[in-house]
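Work through the exercises below with the sequence and the structure at hand. Try each task before reading its solution.

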Amino acid sequence: MNNVSTPLTMKVPRFKGGGFIEFEEISVPKPGPGQLLIQVKANALCGSERGQFINGAVVIPGHEAAGVVVAAGKHTRVPIGTPGVIYLMDFCGTCRACSQGFTNQCRNKRGDMGFNKDGGYAPYELINENIFFPIDKNIPFPEATMLLDIIGTGGHAIDRGRILHPDIQSVFVMGAGPIGLGVLAMAKIIIGKEIPVFVSDFEDYRLEIVEKLGGIPLNLKKKSLHEFFMENDVKAVDLSIDTSGKKAARQSGLKVLDQQGALICVGHGEELHIDVSIDLIHPERAILGSEYFPYRDLERNLDILNRHFEYFSAIITHRFEAEKIKEAFDLFLKGQTGKVVIVQ
């Protein structure tokens, strides 16, 4: 394999804290054995990067990247020129969890791209080959990023719920941010487009996207959850999925669960208080966590993206060039967007 000619240096964004981002010239890394150098073409913003934007980051953030292999180290198999996406978690592949396919629960994880290893807001990203997933050449790179947090994390949350409840007839999603939109979309695709999916939020912009995706928006600025359910004759739901990470949202999701229903917590953040007898034992409800998704899901999710390309494209509302990354974050964190993608 002949590596593509790459520059010696690249300009990367440094998150300084307080919402400031400065660009710095650094050397383009060279792949060692088992490693690939990816020329990043697109990287989607995520609400989990709020802390890095506000408090600063030691590494280059970005964990929803898509790009092309431009250089490969020894003992690699992916050809130069292959397009693909980068899985967040640098899993070991041999521990108990990985051996069962649960790479999102790796016991010997080498790192998380964009959180403690340099990520995809740089023009070039160095990765271990095992976390690269090849995609079809006809998929645009911004849309390819949907395979990660949107389809991947959203689909895994639905899969977790279906483990406990094989007859899901209604879903309530707390939070209409990108992950909430992903959960809504995957509920429609995996469980069935006829199933009612209620989505609550305070942002009009995002609730309009909910409606476009076939969900039932619930604007908490205008009425309470109780008022909304009373007006729509909704007694309870089978599956509540919290993507907001807020205590109030988790509590409301638990409160509206039917008997044998399940609360899935996807968003990191605040706590949840339960009365074990009343909330769990008597109604036989369950509470589960859902963390990212297993690498093996990417193959199924690529097929889903190909079959529902236009549907998922509607979730991307803004695209920014790399030098406007601060402007992108300022807008994204105000809640006035769907998914925002940096393109290079």
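## Exercise 1: The open sheet

Six strands, in the order β10-β9-β8-β11-β12-β13, make up an open sheet with parallel pairing. The model is a predicted one: local features need pLDDT of at least 70 and side-chain atom pairs count only at pLDDT 80 or more, while totals for chains, interfaces and linings use all residues. Residues are numbered from 1 along each chain as its sequence is written, and side-chain values use heavy atoms, with hydrogens and water left out.

**Task.** Which strands are the edge strands of this sheet, and how many bridges join β11 to β12?

**Solution.** 

Step 1. Helices (H or I, at least four residues) and strands (E, at least two) are DSSP runs, numbered from the N terminus. Two strands pair if DSSP finds at least two bridges between them.

Step 2. Look for strands that pair on one side only: these are β10 (216-219) and β13 (286-289).

Step 3. Take the angle between neighbours. Neighbouring strands of the sheet are turned by 20° against each other on average, direction ignored. Axes here are lines fitted to C-alpha atoms, for helices over the stretch in contact, and angles run from 0 to 180 degrees between N-to-C directions.

Step 4. Turn to one pair. Strand β11 (residues 237-242) and strand β12 (residues 257-265) run parallel and are joined by five bridges. Asp242 has Cys265 of β12 as its bridge partner.

## Exercise 2: Two helices packed together

**Task.** At what angle do α4 and α5 pack, and what does Thr153 touch beyond its sequence neighbours?

**Solution.** 

Step 1. Helix α4 (residues 149-164) packs against α5 at an angle of about 60°, and their axes are 7 Å apart.

Step 2. Classify the angle. This value makes α4 oblique to α5; angles under 35 degrees count as roughly parallel, over 145 as roughly antiparallel, 65 to 115 as roughly perpendicular and the rest as oblique.

Step 3. Pick out the contact residues. Among them are Ile150, Thr153 and Ala157 of α4 and Ile179, Val183 and Met186 of α5.

Step 4. Follow Thr153, which is found in α4. Thr153 is buried, with a relative accessible area of 6%. Leaving aside neighbours within four places in sequence, Thr153 is in contact with Leu148, Ile179, Val266, Tyr292 and Phe293.

## Exercise 3: Salt bridges

**Task.** How many salt bridges are there, and why does the pair Glu64 and Lys339 tie together parts that are apart in sequence?

**Solution.** 

Step 1. State the rule and the count. A salt bridge is a side-chain nitrogen of Lys or Arg within 4 Å of a carboxyl oxygen of Asp or Glu. This rule gives 15 salt bridges.

Step 2. Take Glu64 and Lys339, whose side chains meet in a salt bridge (2.9 Å, N to O). Glu64 lies in the loop between α1 (50-55) and β4 (65-72) and Lys339 in strand β15 (residues 339-343), so the pair ties together parts that are 275 residues apart in sequence.

Step 3. Check burial. Glu64 counts as buried at 0% relative accessibility, and Lys339 counts as buried at 1%.

Definitions and conventions:
Buried < 20%, exposed > 50% of the residue type's maximum accessible area, 1.4 Å probe, protein only. Contact = heavy atoms within 4.5 Å.
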